[in-house]
Amino acid sequence: MSAPMSHQAKDLAASRARVPHTSMFLRMLLRAAVLRRGRAASALFAMVVAAAVATAMLNLYVDVQAKLRREFRNYGANIILVGKDGASLPADALSHVDALLAGRGIAAPFGLVVARTSDGQPIVVAGTDFDRVQKLDKWWSVSKWPENSIPTESQSPLPVAENATSVEQSSSEGLVGVRALPVVSPKGQEFSLSFQGKTLRLTPAGTVQTGAAEDSRVYVSLADFVAWSSVQPSTIEIGANGSAEEVAAIMNQLVQAIPDADVRPVRQIMEGEARVLGKTRATLLAAAALIILTAALCVLSTLMGWVFDRRRDFAIMKALGASGRLLNGFFAAEAAALGATGAVIGFLLGIGIAAWIGRVNFHAAVVPRFSVLPIVLAGSIVVTLLSSILPISLLRKVQPAVILRGE
Amino acid sequence: MFARLVYESFRRQKRRKLLAGAAIVLGVTVATAMIAVATDIGDKINRELRTIGANLVVTPQEDSLDLEIGGVNLKPPTDGAFLSEADLPKIKGIFWHNNITGFAPMLPVSVTVQHQGKQQDVTLLGTYFAKKVSYGTEEFTTGVRSTHPWWKVSGAWPKDDSWDVLVGERLADRLQENAGGVITVAGRQLHVSGVLSTGGAEDDQIVAPLALAQEVLGKPGAVKRVYVSALTKPEDAFGRRDPKSMSGAVYDRWYCTPYPQAIALQLTEAMSHSHAEQIRQVAQNEGAVLTRIEGLIFLITLAALFASALAVSAAMATTIFERRAEVGLMKALGAGKLAVAAIFFAEAALLALIGGAIGFALGGVLAHEIGRSIFSSDISIPPVLLPVILVIAVMVTFAGSAAAIRRAVSLDPVFALRGEL
């Protein structure tokens with residue numbers, strides 16, 4: 001009976017001799033986790049939660065600025081381009097602006113004149129591009145947007161301008177301010193406006209209400225406006241995306257590209273935006289710091305309990321002759337492995353949380369930032385190392401015999 | 001005996017109790033501070049958003065159309081109707097008067113400026129800078145300095161009772177005038193106290209005290225429009241409903257909610273022959289921004305509560321787990337499961353109450369600090385929150401301890417005493 005046993009033992013010894021020394025180390029690490037599943041799982045759980053919360057907060061902190069900036073773009077233009085001393089802008093100004101923005105914002109041209117209604121009342125008539133205004137000035141409360149004029153009309157404005165009386169052939173659609181409506185077209189009927197002897201016939205397509213100067217105006221498409229008044233747009237309103245520096249850079253480029261124009265920032269919007277963004281970021285930073293601190297404490301207390309709980313393992317290893325360095329290495333490796341595993345799982349989870357918050361609150365995904373991973377990883381390992389080194393340094397002072405006796 | 005056991009446990013195991021107590025204190029501190037910040041953030045951000053400018057405007061009811069291009073009024077100045085300056089203090093008498101953070105009347109007048117023999121037509125804008133107004137016994141200061149915080153002056157702001165004026169920076173360039181100079185406006189010699197920079201139409205204008213503009217126009221007490229800055233609730237479906245279609249109780253609820261429309265209606269009622277309206281660019285967007293930021297902070301507060309609950313649970317579980325030997329001894333001496341569990345729960349409750357109270361106080365300090373350093377105004381915690389926080393602290397502590405206590409009391413005393421698991 002003993003023969004097969006010893007044979008088996010020999011085989012085992014032989015097989016163990018062949019495996020490199022490190023396998024024992026790995027084995028100890030793995031068995032420690034497997035044998036005390038409950039405690040290891042709770043430590044890992046704490047780590048995962050902490051890493052997830054930290055990842056979500058860091059992700060949000062980086063992304064929230066961009067998200068809020070988008071909300072602020074709904075305030076409309078933050079840059080205004082006007083002709084110097086009230087002059088019209090050069091005809092190619094808008095295409096210059098568009099080329100310069102290259103998708104980093106939206107620009108809408110405006111031309112303004114004072115015309116007369118059929119009973120002689122003065123009224124401000126503005127020509128603009130309705131599609132662009134619709135995107136730029138989202139707060140305009142419009143009952144129905146008119147169609148932009150047919151492009152062929154704008155390409156041949158001359159024949160129309162020559163015999164102004166024949167403009168009557170077709171009436172264009174206009175957008176009428178709520179305060180202007182009772183003056184020009186109280187029953188919603190067709191009306192005509194005259195400017196320097198030329199008449200423009202309009203049907204009100206809808207009304208616009210903003211609570212500001214727009215309410216007293218009549219808006220027509222830019223093509224109709226130029227054909228009728230021969231006045232080129234004098235203002236381009238630009239809603240430029242990006243940080244304060246990026247907007248300032250766009251302004252600089254505008255100044256160089258269109259020297260005939262004054263480039264003015266809309267200071268109330270820019271300053272308000274900067275203030276609100278700054279305060280929100282600061283609040284978020286404070287909240288993130290508090291939450292990450294709490295999560296780290298959670299990991300610390302769980303892990304310290306776990307390591308402390310295994311003082312008997314520690315004592316046995318020490319009694320069997322393990323050196324201080326080996327013991328430190330063992331517990332440090334264990335902590336680092338736990339920290340790294342927890343950090344990776346937590347990172348994935350945290351990205352999920354950040355994406356969920358982005359969808360629920362901002363209706364747009366928060367882009368995962370993988371640059372956060374090294375920070376979370378390093379932070380997790382530091383916290384886990386700290387929480388295993390503390391109890392170990394306490395235990396090292398104690399004789400193994402005392403621990404093994406259960407005192 | 002029970003009380004003594006609990007007392008001795010606290011006296012003898014100071015380290016463990018301190019550890020668990022510290023976790024509870026920190027958890028409650030974070031939770032309290034975050035709750036305080038979350039409940040107050042709406043008001044704070046609302047006030048920050050007011051720096052974008054007034055969100056309501058009051059105009060005369062029977063006014064002719066504005067003829068304004070690029071901020072230059074092309075209408076004969078005496079044309080149209082006016083509001084009465086005497087009605088202005090009534091703005092502070094409306095139902096939501098505490099939500100009115102400021103207002104500024106405006107009276108544009110076309111004038112000619114004589115300069116080095118040349119004449120120039122400019123707009124002179126009369127307004128309040130920081131005028132003391134009283135309504136009943138209440139005194140307050142209002143004007144463009146609070147409603148238009150982006151206006152910057154190099155030099156000094158004029159006094160509201162003086163005849164000093166500000167000159168817009170582009171106009172100042174053209175006139176080659178600086179702060180301290182004298183300009184001749186409509187036959188009057190006016191002292192320039194500063195140069196105004198706004199980034200808007202005012203850069204080409206002269207801004208003067210309201211009384212001066214009324215004098216130049218020859219209409220004492222006249223005001224063309226009033227910009228009102230009010231803290232409002234983001235507009236929702238109920239806020240957008242037409243108040244005329246509402247029945248009594250519903251109308252009252254609408255009227256007593258600080259929607260921009262409701263405040264506009266109250267302003268219309270307060271000032272005779274007026275029409276108040278929200279400035280949609282400001283009013284509509286601030287609702288959106290406010291909702292987003294409030295939502296974000298709310299979700300983050302949930303995360304903070306979750307993290308602190310977890311930290312408290314983890315600390316409690318650890319401390320109880322370490323006391324298996326004690327449990328074994330108690331059980332060997334004949335204590336039942338119930339008695340053992342009762343001691344642990346009593347200890348947990350005591351810890352939670354003490355830690356919760358300290359945490360609440362610290363949380364208050366933290367919230368105050370956050371408010372002061374970020375928003376330079378106080379964030380205070382209503383004391384009624386204390387019992388709520390304490391109950392939550394006890395509940396979380398119990399929940400955190402429950403699993404560990406259950407395992408501890410079900411241990412076989414023999415193994416526990418021998419120090420084996």
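## Before we start

Axes here are lines fitted to C-alpha atoms, for helices over the stretch in contact, and angles run from 0 to 180 degrees between N-to-C directions. Helices (H or I, at least four residues) and strands (E, at least two) are DSSP runs, numbered from the N terminus.

This is a predicted model, in which local features need pLDDT of at least 70, side-chain atom pairs count only at pLDDT 80 or more, and totals for chains, interfaces and linings use all residues. Residues are numbered from 1 along each chain as its sequence is written, while chains are lettered from A and ligands numbered from 1 in the order in which they are written.

## A helix pair in chain A

In chain A, helix 3 (residues 37-73) packs against helix 11 (residues 267-309) at an angle of about 175°, and their axes are 8 Å apart. Helix 3 of chain A and helix 11 of chain A are therefore roughly antiparallel (an angle over 145 degrees). Their contact has 26 nonpolar residues (Ala, Val, Leu, Ile, Met, Phe, Trp, Tyr, Cys and Pro), 5 charged ones (Asp, Glu, Lys and Arg) and 4 polar ones (the others, Gly among them).

## Two domains in each chain

An automatic or database domain assignment supplies the domain bounds. For chain A, the assignment gives domain 1 (22-70 + 276-404) and domain 2 (78-265), with C-alpha centres 59 Å apart. For chain B, it gives domain 1 (2-45 + 289-418) and domain 2 (55-278), and here the C-alpha centres lie 54 Å apart.

## Where the chains meet

How many residues of chain B are in contact with chain A? There are 58, and they touch 58 residues of chain A (in contact means C-beta atoms, placed from the backbone, within 7 Å). Helix 9 of chain B gives the largest share of the chain B side, 23 residues. By class, that side of chain B has 36 nonpolar, 14 polar and 8 charged residues.

After helix 11 of chain B comes Ser376(B), with a positive phi near 40°.

## How confident is the prediction?

The mean pLDDT (the predictor's confidence in each residue, from 0 to 100) of chain B is 86, and 97% of its residues reach 70 or more. Within chain B, confidence is lowest in strand 3 (residues 72-73), at a mean of 70, and highest in strand 13 (residues 206-209), at 94. For the complex, the predictor gives an ipTM of 0.81 and a pTM of 0.79.

Terms used: Parallel < 35°, antiparallel > 145°, perpendicular 65-115°, else oblique. Contact = placed C-beta atoms within 7 Å.
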